[in-house]
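The following exercises concern a single protein model. Please study each task before reading its solution.

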Amino acid sequence: MKKWTEVALGIITGIGGFLEVGSIATSAQAGSEFGYRLVWALVLGIASLAFLMEMTGRLSAVSKRTYVDLLREHFGMRFFLVALIAVFVVSFLVLAAEIGGVGAALQMATGISFRWWAIPVAVIGWMVLWRGTFGIVEQGTAVFGLLAISFAVGAIKAHPDWSALASAIVPSRPTANHLRYWYLVVSILGASISPYLYLFYSAGAVEDGWNADYLGVNRTTAGLGNFFGGTLAIAVLVTAALVFAPAHVHVERFEQLGSLFVSPLGRAGFWLFVATLCITCFGATLEIALSIAYLIAQGFGWEWSENLRPGRDSRFSTVYTIAIVIAALPAAAGLNALALTNMSMVLSAASLPFTVIPLIVLMNDGKVMGRHCNGWISNVVLVCISLLSIGLFFAALPLQIKGGG
């Protein structure tokens, strides 16, 4: 029974944790500029992340080791260092964007510039990590993130065209502004399949003591959690298509997003959006800071666990301390938070091959997975995601230069 209570918590985590600054920003931009047309990119991202989380969760439950640990052992230190640098740089930029997202929400609420909130947000986040446990990080902010359900309510009250929305699940070619269209596709996929999400999930499986008995829990959690969380990202896109697109509003600053749900939900929509943006971005700040620490500590074989006292894993604690403080500096310097978010999402997409392609080898290694190796369907899906990641790697930077502005 205890195992299946974790399914409910996993779904809550998916609802409160899937949405963060990248998903909210890219979904709103896509809806405001292209209506429903980019729903297919979100659906592709949601499905890809669900499969990657299921596989990395299964890998950790069966082997009782993290994906990062196995990556270093099986592919050697040289390859691991390349992957580490790529994922570290991208995760650090996403961390900076999340802190900027919290600051933007607090600016909307108080009128005080986001740059003055950056350092206090980083310090509070560090205090939660220093004094808290993995359960607090994983479940605490996610429960508060249930406020994001208001996004679905707002989208429904805006009266979408359901048949047009359903048809948008099928990919379509842009009729105008081709570079911007494909730039937003890459940004959405980078936000949806960000490497820190499944690396954090793998570490969390070890932190929670999962074993082969949890495979059913893992499958249900990865599937339903991402389905519900991804549905809320689609709700943001739909609402932007109905509220911003007719008024020809293009999202260039986070402050513009404050009015997104005012039309369908009234003044309460503003405060629900601000609270959701603040809470989900703060939760993502904690998760990414931990993910960076997991990456470094597991890669170099250090003692690590958010459930240990900082004195027991001092190097692990030092990494997340340095990461969260330095990541606050771009926002504190006044760097445009939305521009940083877009750039970090594109680079996140470009980094995917370093962690997706090696998973094909590990998920088919009988010594690691035993009888729980991938079947042919999972392998076909994983190969397709790998090919997608290669395409994103080559497309990301040119589109950032030509389509990102």
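Contact means that heavy atoms lie within 4.5 Å. The model is a predicted one, in which local features need pLDDT of at least 70, side-chain atom pairs count only at pLDDT 80 or more, and totals for chains, interfaces and linings use all residues. Residues are numbered from 1 along each chain as its sequence is written, and side-chain values use heavy atoms, with hydrogens and water left out.

**Exercise 1.** State which residues L59 contacts, leaving aside its neighbours within four places in sequence, and describe the core to which L59 belongs.

*Solution.* Step 1: the contacts of L59 beyond those neighbours are K64, R65, Y67, L70, L359, L362, M363, V368 and M369.
Step 1: a nonpolar core is a set of buried Ala, Val, Leu, Ile, Met, Phe, Trp, Tyr and Cys residues joined through side-chain atoms within 4.5 Å. Buried means under 20% relative accessible area, exposed over 50%, and partly exposed in between (1.4 Å probe, protein chains only).
Step 2: the largest nonpolar core has 137 residues, and L38, L59, Y198 and F254 touch the most other members. Helix α4 (residues 67–110) supplies the largest share of this core, 21 residues. Helices are DSSP runs (H or I, at least four residues), numbered from the N terminus.

**Exercise 2.** Determine whether Q107 is buried or exposed, and identify the partner of its side chain in a polar contact.

*Solution.* Step 1: Q107 is located in helix α4.
Step 1: its relative accessibility is 15%, so Q107 counts as buried.
Step 2: a polar contact is a pair of N or O atoms within 3.5 Å; within protein, one must be able to donate a hydrogen and the other to accept it, and residues adjacent in sequence count only if both atoms are side-chain atoms. The side chain of Q107 forms such a contact with the side chain of E255, at 2.8 Å.

Key. Helices (H or I, at least four residues) and strands (E, at least two) are DSSP runs, numbered from the N terminus.
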